Amino acid sequence: MNQDSRIFVAGHRGMVGSAIVRQLEQTGHRNIITRTSSQLNLMNQAAVQQFFEEEKPEYVFLAAAKVGGIQANNLYRAEFLYNNLMIEANVIHAAHEAQVKKLLFLGSSCIYPKFAEQPLREESLLTGALEPTNEPYAIAKIAGIKMCEAYWDQYGDRFISAMPTNLYGPNDNYDLQTSHVLPALLRKFHQAKVDDLPEVECWGSGSPLREFLHVNDLAEACVFLMNEYDEKQFVNIGSGTDLSIKALAEMIQEVVGFEGKIVWNTDKPDGTPRKLMDVSKINKLGWKHRIELRQGIEQVYQDFLQLQLS
Ligand code: GFB
């Protein structure tokens, strides 16, 4: 990409898309194309085709998706499958027709089998059954990876994919029913502190292990891959270390300064027991995360407090 390349960021209002736009702006890109969902419905094939014909983007970051935490994935199974399949199919095919120079598709660590060997190597894809709570989302994301690979094989399109681990950062979703664990716990602990409550309820047993990456790090990795990486095989993006949900809850509790108790509601699902990415491939390519978890949580809590004030 050069400074004047026409770059379409699909999903620029989401946590990932907005971080990619910030990263592109910081690195001097002047021709970033965005559309809100009311301006362009990515599930509408004709509208997407027309948009690509008219705008002729040269590069595409496909960060648009229906996303959510464990409960949203489990409840809205049809929407997670249908919406994500439609978005991917429309954007990837239209990018092909419009002769886009390069496209980067964003997947998720939930594409790996529930009991895959840890840390999760790229080669483990499709070697076993998926975690049931997010199977529809994972199937849609696997379809997106396979589309990029198939278009690479059949047409020679430079369509690549990146698999981020669990993400957090600015523009996250703080709705307690649909969010991921990190923003949910920040909000719960903050509210409990403000209301002087004796305890906070967390979901599951607290024993699952998760890896977290700040979305600014992810955005840097995506721009890096767009510039430097030209292979069909998708690439994991993560920090390379994980911790238990219990340890995460204690860290957030400390950052927020909540002094009450944590109780675990085991009626809620745990999900995958462990989801740690093997990040040796992207590390060897020359990228490594910069923001450590504790520092990232402190930053995000400050953003959260700002949002509360405004
Ligand atoms: O982040 P999370 O919703 O999704 O949950 P997954 C991670 C773990 O945190 C689970 C526990 O074991 C939850 O039971 N947890 C504890 C909580 N308290 C809470 C809470 O208040 N809210 C939430 N949401 N969780 C998602 C997938 O899996 O990860 C998606 O469903 C996607 O497909 C995403 O891949 C990255 O890490 O389990």
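Modeller: Let's open with a rule: two strands pair if DSSP finds at least two bridges between them. Keep in mind, too, that this is a predicted model.

Colleague: What makes β1 and β3 a pair?

Modeller: Again four bridges, this time between β3 and strand β1, residues 7-10. With at least two required, β1 and β3 therefore pair. These strands are parallel, and Phe8 sits opposite Val60 in β3.

Colleague: And how do you know that β4 and strand β5 pair?

Modeller: There are four bridges between β4 and β5 (residues 159-164), in the parallel sense. The rule asks for at least two, so β4 and β5 pass. Leu103 has Phe159 as its bridge partner in β5.

Colleague: What makes β4 "mostly covered"?

Modeller: Five of its five residues are buried, and buried means under 20% relative accessible area. Lys102, Leu104 and Leu106 lie on one side of β4, Leu103 and Phe105 on the other, and all are buried. Strand β3, residues 59-62, is covered on both faces as well. There, buried Tyr59 and Phe61 are on one side, with buried Val60 and Leu62 on the other.

Colleague: Over to the sheet with the order β11-β8-β13. What makes β11 and β13 its edges?

Modeller: That is an open sheet of three strands with mixed pairing. Each of β11 (243-244) and β13 (274-275) has a single partner strand, so one side of each has no neighbour in the sheet.

Colleague: How do you know that β8 and β13 pair?

Modeller: Strand β8, residues 209-210, has two bridges to β13, in the parallel sense. At least two are needed, so two bridges are enough for β8 and β13. Leu209 is opposite Arg274 in β13.

Colleague: Now some single residues. Why does Glu149 count as buried?

Modeller: Its relative accessibility is 14%, and the cut-off for buried is under 20%, so Glu149 is buried. You'll find Glu149 in helix α5, residues 135-155. Setting aside residues up to four places away in sequence, Glu149 touches Lys232 and Phe234.

Colleague: What makes the link between Glu149 and Lys146 a polar contact?

Modeller: Their side chains come to 3.0 Å. The limit is 3.5 Å, so 3.0 Å falls within it.

Colleague: Why is His93 called partly exposed?

Modeller: His93 comes out at 24% relative accessibility, while buried means under 20% and exposed over 50%, so His93 lands in between. Its place is helix α4, residues 77-97. The side chain of His93 also makes a polar contact of 2.8 Å with the side chain of Tyr151. Leaving out residues up to four places away in sequence, His93 touches Gln49, Glu88, Met147 and Tyr151.

Colleague: Which residues come nearest to the ligand?

Modeller: Of the 23 residues around the ligand, Ile70, Lys188, Arg210, Pro269 and Asp270 do. By type, the shell divides into 11 nonpolar, eight polar and four charged residues. Helix α6 supplies the largest share, four residues.

How values were computed:
Residues are numbered from 1 along each chain as its sequence is written. This is a predicted model: local features need pLDDT of at least 70, side-chain atom pairs count only at pLDDT 80 or more; totals for chains, interfaces and linings use all residues. Side-chain values use heavy atoms; hydrogens and water are left out. A residue is near a molecule or strand if one of its heavy atoms lies within 4 Å of it. Ala, Val, Leu, Ile, Met, Phe, Trp, Tyr, Cys and Pro count as nonpolar, Asp, Glu, Lys and Arg as charged, and the others, Gly among them, as polar. Buried means under 20% relative accessible area, exposed over 50%, partly exposed in between (1.4 Å probe, protein chains only). A polar contact is a pair of N or O atoms within 3.5 Å; within protein, one must be able to donate a hydrogen and the other to accept it, and residues adjacent in sequence count only if both atoms are side-chain atoms. Contact means heavy atoms within 4.5 Å.
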